[in-house]
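Here is a short report on one protein model. Look at the sequence and the fold before reading on.

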Amino acid sequence: MGACGVSVAQTATRPNIIFIFSDDHAYQGIGAYGNKLVKTPNIDRIAREGALMTNNIVTNSICGPSRATLLTGKYSHINGYKRNDRTRFDTNQTLLSKTLQQSGYQTAWIGKMHLNSLPAGFDYWNVLPDQGNYYNPDFVGQPNDTTHYTGYVSDLITKFSVDWLEKRENTKPFFLIVGHKATHREWLPDLQDLGAYDHVTFPLPANFYDDYKGRTAAMQQDMSIEKTMRLRQDLKVDVDYEKDWAYKRFTPEQKKIFKAYYDKIGKEVTDKKLTGKALTEWKYQRYLRDYFSVANSLDRNIGKLLDYLDKSGLSKNTVVIYASDQGFYLGEHGWFDKRFIYEESLKTPFVIRYPGVIKPGKKVEDLIVNVDWAPTVLNIAGAKIPTDIQGKSFLPLLKDNQTAKVPWRKEAYYHYYEFPEPHHVYPHFGLRTSRYKLAYFYGGADSWELFDLEKDPAEGSNIYGTPGTEKITADLKEKLKALMKEYKDDEALKILVGAKSI
C-alpha cells in the first residue's frame, strides 16, 4: 500500500526524516535569512514552521567533503574525503545510513551524491553520476544501472522521491536524503524560470571591489566575477549550441527556447561594447539573475514535496530538514564559489521542522557544525550514536525548555585542503568563535589572519599582529591547538607548531 493509504500513527514515537540537501545555495540568498529581493517561499515555510540556524557552519567548504561529513559525522581528515577529486569515498566506515538501518529505518538517497562511490546503507537509491546534468540527466539506480530521463533535474528528483515514498514499506519509519543539483555552476535555469529576475537590479555588495589588503590568500585566488567568471560557459554569451557540452543533452524544443532567450542576452553585451567595470558589473547582474532563477526550481520542488507530505498525512510525523553543502559568494569580495573560511562560504543555511517538538519560528544562534548533523538525526530517530562520531546532537537546543541548560561549544574548527585547482585557494585551518575568527593559510601563503566579527562583519580588515591583539591571538591559538587535538588533526597540528608567528 502506498503512503497515502496508511496512518502515520504507526511511527508516532519514531518520526520519519527527510533531509533536503542542495548544492552551493547561499544562506544570504534566502528570504528567511533576510534577502528581500528573491523568492524562496517554501524554504521560508520550513523555517517559519520550525527552527532556523543562524550560525550553522561547515568544517570544509566544498561539495563532496560536506556530503561525506553528513554521512559520517566526522571531519574530512578522519572520514578520508578531503577534496573534490577522484578519490572514492570509503563506505566501509560507520555511516549515518547504516546506523539508521540497524535501528529499523528504511533509507533512501535520491539525486546528487557526488562521492565517487555508490550509496551504502541505503535500501534504495537513484543518484546522479558525478555532478549530473540540469537537462535530461542520467540517473544511476540499483544495482548499478544507468538510465537516461527527459526533463529538468529538480523536477525529476522530486518525482523519484515522491514515487519512493508512495512505494516504500509503510510499516517502518523512513530516512530520505533528497540531493538537489541546484544551485551548482553553470546555472542553467528551467525553461519556465528564464528571465525570472531580469526585472531586478541587484545592489553591489559594499566589498565588491575589495582590494584584499592584508590577506595574502585572498589576493591570489582565482574565483572573481571580474576575471574568473566566463562569458560563454557561465553566462551563456555566444554559445555554440551544437558543440558546447552542456547543451548536447537538450531536446530541439528545449534548445530553441533556451537559445532564443540567451541570444538576446549576448546581443546586449555586443551592442553595448562593455569593458572594464561596466562589464564586470554586467557579469554580476547576469550571474545573480541566473543563479536565483535556478534557485526557483529548487524552492518550487521543495514546495511540491511539502505539499505531498500534507496530502498524504505524513507531515504530522515527518521531520523536514533543508540545508546546503556549504555557503557561496554572491559577489561579496567580488567573488563566486566558496572554499574560504570567510563567513559567506563558512556558513550554510539550515532550517528544520519537527511538528510537536520544535516551536515554530525558533532561532538558534549557537555554533552548529556539520559534524553535528548526523548525531542530531540519530538522536531524533532514537538511535544510538556511534562513539566514533565527532559531532554532537543539537536536538536539545531546538527544545525551548532545554536550550539554556545545554552546554555547547564556544569555538568551531575548520580545515580546507583543495589546492591549487580549480580556484587557487590556499589550504588553511582556523577557528571561529561568536566574535573572532583566526585562520592560518599554508602551502605557500604562510600567513595568519584575525578578524573581529563584531567590529568587522565583512572581514575586510586583518588585525593579526596589530597592537592590542596579542592576548586574544595567544588565547585563540591555544584554543585552536586544543581543537586539533580533540579532533585528532595531527597533520594540521604539525603545521601549526611550525607556523611563523607573523
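This is a predicted model: local features need pLDDT of at least 70, side-chain atom pairs count only at pLDDT 80 or more; totals for chains, interfaces and linings use all residues.

Residues are numbered from 1 along each chain as its sequence is written, and side-chain values use heavy atoms, with hydrogens and water left out.

**The sheet**

Helices (H or I, at least four residues) and strands (E, at least two) are DSSP runs, numbered from the N terminus. Two strands pair if DSSP finds at least two bridges between them.

| Strands | Bridges | Direction |
|---|---|---|
| Strand 4 (residues 106-112) and strand 8 (residues 174-179) | Six bridges | parallel |
| Strand 4 and strand 5 | Five bridges | parallel |
| Strand 5 and strand 6 (residues 138-141) | Two bridges | antiparallel |

Some partners can be named. Gly 111 has Gly 179 of strand 8 as its bridge partner. Ala 108 stands opposite Tyr 124 in strand 5. Val 127 is bridged to Val 140 in strand 6.

Buried means under 20% relative accessible area, exposed over 50%, and partly exposed in between (1.4 Å probe, protein chains only). Strand 5 (residues 124-128) has four of its five residues buried, so it is largely enclosed by the rest of the structure.

**Helix 1**

In helix 1, Asn 42, Ile 43, Asp 44, Arg 45, Ile 46 and Ala 47 are buried. What covers them? The cover includes strand 2, helix 8, strand 9 and strand 10. Contact means heavy atoms within 4.5 Å.

Axes are lines fitted to C-alpha atoms, for helices over the stretch in contact, and angles run from 0 to 180 degrees between N-to-C directions. Helix 1 (residues 41-49) packs with helix 8 (residues 276-312) at about 50°, with axes 7 Å apart. The two helices are therefore oblique to each other. Angles under 35 degrees count as roughly parallel, over 145 as roughly antiparallel, 65 to 115 as roughly perpendicular and the rest as oblique. Pro 41 and Ile 46 of helix 1 are among the contact residues, as are Gly 303 and Leu 306 of helix 8.

**Helix 5**

Helix 8 also meets helix 5 (residues 153-167). Their axes come within 9 Å and cross at roughly 15°. Helix 5 and helix 8 are therefore roughly parallel to each other. The contact includes Thr 158, Val 162 and Leu 165 of helix 5 and Leu 298, Asn 301 and Tyr 308 of helix 8.

**A loop residue**

Thr 59 lies in the loop between strand 3 (56-57) and helix 2 (63-72). Is Thr 59 buried or exposed? Its relative accessibility is 2%, so Thr 59 counts as buried. Leaving aside residues up to four places away in sequence, Thr 59 touches Thr 69, Tyr 75, Val 369, Asn 370, Val 371, Tyr 413, Tyr 414 and His 415.
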